[in-house]
Amino acid sequence: MKKPYQKAWFFVLPVLFLVAFNALIPMMTVVNYSVQETFGNNLFFWEGLGWFEKLLHSERFHAALGRQFLFTAIILAIEVPLGIIIALSMPRSGFWVPVCLVTMALPMLIPWNVVGAMWNIFTLPDIGLLGYLMNHTLGISYDMTQNPLAAWATIIVMDVWHWTSLVVLLSYAGLVSIPDAYYQAAKIDGASNWAVFRYIQLPKMKQVLTIAILLRFMDSFNIYTEVFVLTGGGPGNSTTLLSIDLVKIALGQFDLGPAAAMSLIYFAITLFVSWLFYTLMTKNDTE
Amino acid sequence: MAQITLSKLRHSYYPNPKTPDDYALKEIDLDWEDGGAYALLGPSGCGKSTLLNIISGLVDPSQGQILFDGEDVTGLPPDQRNIAQVFQFPVIYDTMTVFNNLAFPLRNRGMDENAVKQRVQEIAHMLELDGMLHSRAAGLSPDNKQKISMGRGLVRKNVNVVMFDEPLTVIDPHLKWKLRSKLKELHQKVRATMIYVTHDQTEALTFADQVVVMNDGEIVQIGTPNELFERPAHTFVGHFIGSPGMNVLPCEVGQGMAFFHGHSINLEGVIDSTGAGKTEIGIRPEYVSLSDQGLEAKIRKVSDVGRHNVVDAMIGDTLVKAVVNGAVPAQGETVHLSFDPAKTRLYRDGWIATQTQGAAS
């Protein structure tokens with residue numbers, strides 16, 4: 001057998017270096033904090049796995065994790081089907097294609113904190129367009145600073161408005177790559193619209209949908225800015241998602257140890273669920 | 001199975017066509033006999049795919065009618081015409097097994113599952129797909145995928161017509177030949193009318209009993225491969241079929257004779273006296289030979305194409321190609337060319353303008 005080219009790994013070194021500096025080393029400092037206790041003055045005491053144990057038994061953590069999963073599940077359940085439906089109803093050619101694409105892309109171009117601020121003003125009960133309309137024109141009591149349900153509805157609608165476009169654009173890219181012959185053959189085979197969707201469009205969209213779902217899962221599971229600007233985690237703790245809770249512990253209470261342990265668990269969950277998604281969705285391809 | 005009649009068919013992709021150039025198809029009148037093997041041959045953009053899509057119902061013609069066994073089907077959607085179409089790139093339903101792919105058109109029509117099973121097995125056997133019925137269609141090679149898309153058409157009983165739209169484009173060269181003979185064999189078995197669209201003359205001539213040559217939205221000639229080769233009705237056919245194509249030489253006509261560079265040329269028969277227009281002599285390189293006398297020509301190039309040599313000779317500033325077996329002249333040499341009179345024809349404005357010897361006598 002021929003010996004593999006030995007110098008090849010030299011070319012990988014720069015990447016290794018970069019990854020080390022922007023991911024591995026910072027993460028190791030977090031690992032370092034997570035096993036120690038500090039009261040400031042750069043004094044550290046060994047804590048072992050204590051923080052992890054406490055966190056995993058903490059009701060506060062369970063509640064935040066539950067809210068986080070609920071939020072992600074709801075927005076995925078809305079954004080993925082909605083995105084596919086919008087992509088299916090977009091024209092395949094002609095003047096309206098660029099118009100649709102640009103309109104779709106607009107929400108994604110707005111910075112996170114601006115989105116939060118926009119929706120904050122939009123929903124103000126007395127002067128916000130939506131808030132005023134709900135309370136004074138339609139007569140429905142709506143105040144997301146008071147009512148947890150209103151707060152949840154608002155963060156979900158905000159995320160759907162902000163990110164459904166991503167699913168739309170990816171699905172659309174998958175759809176336009178289907179050659180006309182598939183639709184023609186389906187017509188000749190007498191396939192119904194549902195059969196065309198089920199056996200032609202969905203399989204051809206599968207790869208981009210896998211990516212869309214993964215991206216939407218990771219982004220929504222790690223969401224911070226929009227919700228923080230909009231509700232600040234309130235009313236009460238009702239919209240305190242994992243990331244918001246984490247920042248409260250790390251910067252509010254300055255509990256570096258518990259916050260570091262939480263970061264690691266948070267990261268592990270995101271990684272695991274992403275891996276699970278990906279494995280399940282690509283499993284059939286190798287059969 | 002059905003006889004297919006196209007009557008005064010015209011099609012334009014513009015909403016309001018004005019000039020003839022706006023039409024992708026210019027008035028087609030054509031009968032496809034029941035059970036015939038036809039090839040539709042022409043260069044890219046000549047309208048052959050449009051014609052095919054009109055027969056299958058994927059495109060509605062601007063004018064004219066399509067009849068299956070005398071019955072007007074112009075307004076019927078594709079799934080009600082009972083036709084099969086095989087596309088350039090294999091269309092298969094990726095997520096299904098081969099069996100489910102073949103069963104798909106039957107199940108869509110609500111056929112009983114036992115009957116589906118029996119029919120699919122029959123067709124799979126015919127296409128030699130038996131062994132792979134339960135594997136996923138996505139993993140198969142392109143030639144097997146094409147067989148599946150063919151099978152999805154044939155699986156329905158009494159298919160009116162099976163149409164192939166350049167089906168061998170993505171097939172490896174060594175499999176092309178195999179699949180082509182499979183098609184031919186299939187035609188003999190099912191006796192369905194088959195129309196095979198291609199721009200490759202070899203494919204057309206080997207598959208079809210009758211070849212329909214199209215150019216620029218018009219049918220130029222219909223005939224057996226031999227007829228197309230021996231007596232092209234149009235210079236386009238002469239040029240398009242044959243390798244190298246027919247020599248088309250500008251000439252003058254006077255007193256019932258054709259003159260080329262001042263020499264009178266013997267033709268196959270009497271010149272049709274009607275009409276004026278650009279006149280040309282057409283002769284295939286196969287019927288041009290080197291001889292002691294005849295037109296003087298200078299050799300420009302000799303290409304060895306294996307079985308024979310193709311000689312490019314210049315008569316004045318006109319290029320004449322000749323197919324030569326055996327000894328060939330050297331480049332730059334001066335030779336004499338003679339044309340076989342029985343194969344030499346006059347074309348006026350592209351169309352043949354001599355009568356055959358039989359007709360003239």
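Predicted model: local features only at pLDDT ≥ 70, side-chain atom pairs only at ≥ 80, totals over all residues.
Chain B contains an open sheet of 4 strands, arranged in the order S2-S1-S4-S5 with antiparallel pairing. Strand S2 (23-32) and strand S5 (71-72) of chain B each have a single partner strand and stand at the edges, so that one side of each is left without a neighbour in the sheet. Strand S1 (residues 4-12) of chain B runs antiparallel to strand S4 (residues 63-68) of chain B, the two being joined by 5 bridges, and B:Thr5 is placed opposite B:Leu67 in S4(B).

The largest nonpolar core comprises 76 residues, and those with the most contacts inside this core are B:Tyr38, B:Ala39, B:Leu40, B:Ile195 and B:Tyr196. When neighbours within four places in sequence are left aside, B:Ile195 is in contact with B:Trp32, B:Tyr38, B:Leu40, B:Leu52, B:Val161 and B:Met163. A second, separate core of 29 residues includes A:Tyr33, A:Tyr142, A:Leu246 and A:Met262.

The contact between the chains draws 15 residues from chain A and 21 residues from chain B. On the side of chain A that touches chain B, helix H8 (180-188) and helix H9 (193-221) of chain A each supply at least two residues, with H8(A) giving the largest share, 6 residues.

Note on methods: Residues numbered from 1 in each chain as written. Chains lettered and ligands numbered in written order. Contact = placed C-beta atoms within 7 Å. Core = buried A, V, L, I, M, F, W, Y, C linked by C-beta atoms within 7 Å. Buried ≥ 20, exposed ≤ 12 C-beta atoms within 10 Å, placed from the backbone. Pairing = 2+ DSSP bridges.
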